[in-house]
Each structure stands twice: as structure tokens, then as C-alpha cells.
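Here's a quick briefing on a structure you can follow along with on screen. Have a look at the model below, then work through the notes.

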Amino acid sequence: MKQLKSASLITAVKTPYTLQGEVDLACYDDLVNQQIAAGVDGIIVGGTTGEGHLLSWEEHLMLIAHSAHKFGDNLVIVGNTGSNNTREAIKATENGFATGMDAALQINPYYGRTSAAGLSQHFEKVLNIGPAFIYNVPGRTGQDLTPEIIEPLAQHENFIGVKECAGNERIAHYEKQGIACWSGNDDESFAGKHEFGSHGVISVTSNIVPALMRRLMDSNDPQLDQRLQALMQWLFCEPNPIAINTALMMTGAVNPVFRLPYQALTLRQRQQGMELLSQFEQSELVGDKLSLMQDSDFSYCA
């Protein structure tokens, strides 16, 4: 638990695809190795950014097992095994721990939302299996996990902390009680860490500039935060992970292949991104080139 709580920079790593639309393990390994080289503490496997919702459970659990086997000595491996279906979340979490993950990321049931009592029971069931981060992202689930729900859960021996997207005031409230929090909003993560006392960030931006995000967490450097703000804003100009996918394709880090329903950013949006990414040294970016790309360069698979 101490090692898990000491991880201040965790990347919600992208899942890349081959030209045939299958999970590209060779490219995935390259992405993760670049995260390790930059000093990232851990990765979320198959999270929102990693498109766990577009993977079959066989693909999803294979990727968790592969990550644990290949990178478990260098990174904290967090498998996104949450679900809006408690039975499914239990099964996936049991399988994730059986294949070697260090911790689970658990989201509250979405779409078919439940009561506060139902939320508590859902999380109790999955926390009983092993260490877990609770993920509060009301913009995606349509339901806020309020302190009245989180604070009793924090007493569970397997509760690590919260990936919190409800803002830094909420994070400060928890941290004052000894409840560990990681920012779920990259643009607020610097203030979250250095002003509001968060444990760190679970980041999308670190997919593309991991070393800079490492510095952002380690150093009280407002100028670096200001330098990254425009990039962070652009990375969320469409629902995540559309922009980070497009960015990694523009830098040549991954094949230009999307799984539907995701589509590449428009040409105008890519021009904005090109202008932003060009402000960074090539050595600061994941990938070995930078190009605008044409609409016809992207392919899509179901």
C-alpha cells in the first residue's frame, strides 16, 4: 500500500492498434518503455484513455497480464477492471489480480445509476478483492461520488485513494483527512499537487510529454505549468481520448488507426495541435516526427 500511495505520476496509457485494428503489443511496449525512461511511477491499463470500453474482456485482461509480466518490476500496474455491472467488475477484478496487477481502478456504475447505498455495496464488493483506486468522474458517469460515499469506504483496508475529477477543493478536503487523492484533471494537477496537497495525477498528457509531467509533479515550477496549459486544453478539445490518439499519430508514435466510434481531430484542430506541439523539443515528445497528416491518412475499424 505504501508503494501504491507513493506513485505521484501515473499515466493512463494509450492502447495502440495494428493496421488491421488489433492490439499492437510491440507498439504498446515501446510506449510503456518511454514512460519508464521518463520516470513515470505507474500506468493505468485499459482505462478511458486506453479504451478499455472498446476492448473485449479477453483483450483487456491480456493487456493487464502482459503489462504485469513485462513491466511489473518497473511500474505500478493498475488494471481498469471497473464496470457498471457489479458481477462483471468482480469477475474482471479477480482475473486482473490473478494475472499480476498491483491494483484496480474502480468506477461507479454509470448509465444504469444506483442509489448511495447501492454504490457503497458495489465498492465494498470490489474492495474486498484487492487494493483499488476509486475513480470519480461525474462528467462521464452522470453521478458524483460525494464525501458521504467516499469517507466510509476509505476505512476499508484495500482502499488506496481517489482519482478525483471534481476539483482541487474536494481533493484538499480529502487530503486533510488522510484520504489520498490523485487529480483526474491534468490542467488542475499542478495546483492540486503543490497547493492543495494531492498525492499526484493520473494523467493523459503524460502519454505525449512524460518527462515534463514528471517535472511538473516533482518541482514547484509555475512557468512549466503555464507552458503546458495550452497543450492540456487542446488534448481535451474533444472527449478524451480523441485528441491524445491524434497527437500520438501526428508524432509517429502509433499507427493512425482508430477504433470506432472515435474519429481523428479535424484538420483545423490538428493545425492547432501542430502549432502547440511544435513549441516542444522533439526530445520532449513521445514519437520521432511531427506532421499535420491528411484526413485520408487515418483509418477506422469497428
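Let's start with a charged pair: glutamate 164 and arginine 170 form a salt bridge, with their closest N and O atoms 3.7 Å apart. A salt bridge here is a side-chain nitrogen of Lys or Arg within 4 Å of a carboxyl oxygen of Asp or Glu. By that rule, the count comes to nine salt bridges.

Before going further, keep in mind that this is a predicted model, where local features need pLDDT of at least 70 and side-chain atom pairs count only at pLDDT 80 or more, while totals for chains, interfaces and linings use all residues. Residues are numbered from 1 along each chain as its sequence is written, and side-chain values use heavy atoms, with hydrogens and water left out.

**Around arginine 170**

- Glutamate 164 counts as buried at 1% relative accessibility; buried means under 20% relative accessible area, exposed over 50%, and partly exposed in between (1.4 Å probe, protein chains only).
- Arginine 170 is buried too, with a relative accessibility of 15%.
- Arginine 170 also has a salt bridge to aspartate 144, and there the closest N and O atoms are 2.7 Å apart.
- That pair links distant parts of the chain, 26 residues apart: arginine 170 sits in helix α8 (residues 168-175), and aspartate 144 in the loop between α6 (138-141) and α7 (147-153).
- Helices (H or I, at least four residues) and strands (E, at least two) are DSSP runs, numbered from the N terminus.
- Aspartate 144 is partly exposed, at 27% relative accessible area.

**Other salt bridges**

- Glutamate 59 pairs up with arginine 259 in a salt bridge, the closest N and O atoms being 2.8 Å apart.
- Glutamate 59 is in helix α3 (residues 57-71) and arginine 259 in strand β9 (residues 257-259), so this pair ties together parts that are 200 residues apart in sequence.
- Buried or exposed, glutamate 59 and arginine 259? Both of them are buried.
- Asp41, Arg214 and Asp218 are joined in a network of salt bridges.

**Helix α2 against α3**

- Helix α2 (residues 25-37) and α3 have axes that come within 12 Å and cross at roughly 50°; axes are lines fitted to C-alpha atoms, for helices over the stretch in contact, and angles run from 0 to 180 degrees between N-to-C directions.
- That makes α2 oblique to α3, given that angles under 35 degrees count as roughly parallel, over 145 as roughly antiparallel, 65 to 115 as roughly perpendicular and the rest as oblique.
- On the α2 side, the contact residues (heavy atoms within 4.5 Å) include Leu25, Tyr28 and Val32, and on the α3 side they include Met62, Leu63 and Phe71.
- Alanine 37 is also in helix α2, and at 72% relative accessibility alanine 37 counts as exposed.
- Alanine 37 and alanine 211 are 174 residues apart in sequence, yet 8.3 Å apart in space, C-alpha to C-alpha.

**Helix α9 against α10**

- Helix α9 (residues 186-194) packs on helix α10 (residues 210-218) at an angle of about 30°, with the axes 8 Å apart.
- The two helices, α9 and α10, are therefore roughly parallel to each other.
- In this contact, Ser189, Phe190, Lys193 and His194 of α9 meet Met213, Leu216, Met217 and Asp218 of α10.
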